[in-house]
Amino acid sequence: MSLIPFTYFMPTRVECGNGISEETGELIKDLGVSSVLIVTDKGVRAAGLLQGIEKSLSSANLYYEIYDEVEPNPSAETIQQGTVYLKQQKIEAVLAVGGGSSIDTAKGIAAMATNAGHILDYEGVGKISNHPLPIIAIPTTAGTGSEATNSTVVTNKETSFKLGVLSSLLFPNLAILDPALTLHLPQEITAATGMDALTHAIESYTSKSANPVSKAFAMQAIKMIGENLTRSYFVGTDLESRENMLVASLLAGVAFSQSRLGNVHAISHTFGGVFNIPHGIANAALLPFVMKFNLPACAEQYREIAIALGRNVSGLSIEKAAEKAIDTVIEMNQCMNIPLNIKELGVSLDVLPKLVDDSMRSGNVFVNPRLTKASDIQLIIEKAYHGDLECFHRDAFGSKSLEPAIMNV
Ligand SMILES: [Fe+2]
């Protein structure tokens, strides 16, 4: 049987190495620009992570300004204000330094500097027509993968909805991976962002839109995260595991920019929009529940993931081996102090209909390995709220949602 036709496209130049962020100025000069807007948040700035980067920009005679208004789950207004500031300063490129929020904000600013209207006008796929300003991304967490993706996620504060803007024009021109910038990340951020990367990799690997190239990237990311995340968490200054996590995060980003994601991200984005819960921690807590739901549709892929995460599955049935992958995710959450339910994160079921409706708006639902209806999303949220994995078996969802999913195995 021949492969389903697919496209692989990832134009981002990647530079990786300990201390390489101190060469940012020289690397940016290759792009032919003379000025940049550093897009970051106040925490990154206060931690001193900009110092070496600013010095290198000055040494390379690059003019720069700093926009440090980025907040968690960044809003359309933050992008709008940053765009106005960039245009006032007549700046030619955007340099994100931070986590996914800073990189996504920078992408939005770069796009709105050259396209009319408002970022909210560009929700969906392929709506951006003019090439954004050059985008350079320096991640200071290992999780987002946004330094190598074609998307930005923006919160519409009026509707409390996180929307996605996807375009092949949003791939950064340059990603600079410097593990030295991640050595002092707090444990809780290491855990949340690392589990976000693992979620990217697992959802990408099992996506209906996965292809052989995206699967290769996703599987390597899963292996590297399994080998390095808990070490990064417990020994934060371990340079090797920090570097491996940065690379794994990028690989997962490359993977999901080809395949999209799944139900975890469809649901977690609603938690970010409505409750302002950090993205990574929402994904981590949801992941075991969505995996339980998906298991009947992708047991063989989960068996492969269990092996990649270091589990011995010899002698086990495919389903039992697949469950080892879910067990491993739960154990990783437990050992990194991540709640095993979403109630502890601040999720309330008072707005359950909105959470379900907003989740179903996500394109990620359509590539989730198991066919998903609104009632399935509702049950996943309810199960995750109560931390109820024990009774989480296929019969709970009824045969109607199961039958089409089996066809996808
Ligand atoms: Fe994510």
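In which loop is Ser160 found? In this predicted model, Ser160 belongs to the loop between S7 and S8. The two strands form a hairpin with 4 residues between them. Ser160 has a phi near 55°, which is a positive value in a residue other than glycine. With a relative accessibility of 24%, Ser160 counts as partly exposed.

Strands of a sheet pair through backbone hydrogen bonds, in either a parallel or an antiparallel sense. S7 is joined by 6 bridges to strand S8 (residues 161-166), and the two run antiparallel. Within this pairing, Thr155 has Lys162 of S8 as its bridge partner. S8 also pairs with S5, here in the parallel sense and over 2 bridges. Gly124 has Val165 in S8 as its bridge partner. The 3 strands make up an open sheet in the order S5-S8-S7, with mixed pairing. Strand S5 (124-125) and S7 stand at the edges, each with a single partner strand, so one side of each has no neighbour in the sheet.

Asn73 lies in the loop between strand S3 (63-67) and helix H4 (76-89). Its relative accessible area is 8%, and because buried means under 20%, Asn73 is classed as buried.

Leu3, Phe6 and Tyr8 make a nonpolar surface patch of about 290 Å². Tyr8 is located in the segment before strand S1 (13-16). This tyrosine, Tyr8, has a relative accessible area of 34% and is partly exposed.

On the scale of the whole protein chain, there is a division into domain 1 (13-182) and domain 2 (187-406). The centres of domain 1 and domain 2, taken over C-alpha atoms, are separated by 26 Å. The contact between them takes 33 residues from domain 1 and 30 residues from domain 2.

Conventions: Residues are numbered from 1 along each chain as its sequence is written. This is a predicted model: local features need pLDDT of at least 70, side-chain atom pairs count only at pLDDT 80 or more; totals for chains, interfaces and linings use all residues. Side-chain values use heavy atoms; hydrogens and water are left out. Two strands pair if DSSP finds at least two bridges between them. Patches are made of residues with over 30% relative accessible area and no salt bridge: like charges are joined within 9 Å, nonpolar side chains (Val, Leu, Ile, Met, Phe, Trp, Tyr) within 5 Å. Accessible areas come from the Shrake-Rupley method with a 1.4 Å probe; for residues, only the protein chains shown count as cover. A salt bridge is a side-chain nitrogen of Lys or Arg within 4 Å of a carboxyl oxygen of Asp or Glu. Buried means under 20% relative accessible area, exposed over 50%, partly exposed in between (1.4 Å probe, protein chains only). Domain bounds come from an automatic or database domain assignment. Contact means heavy atoms within 4.5 Å.
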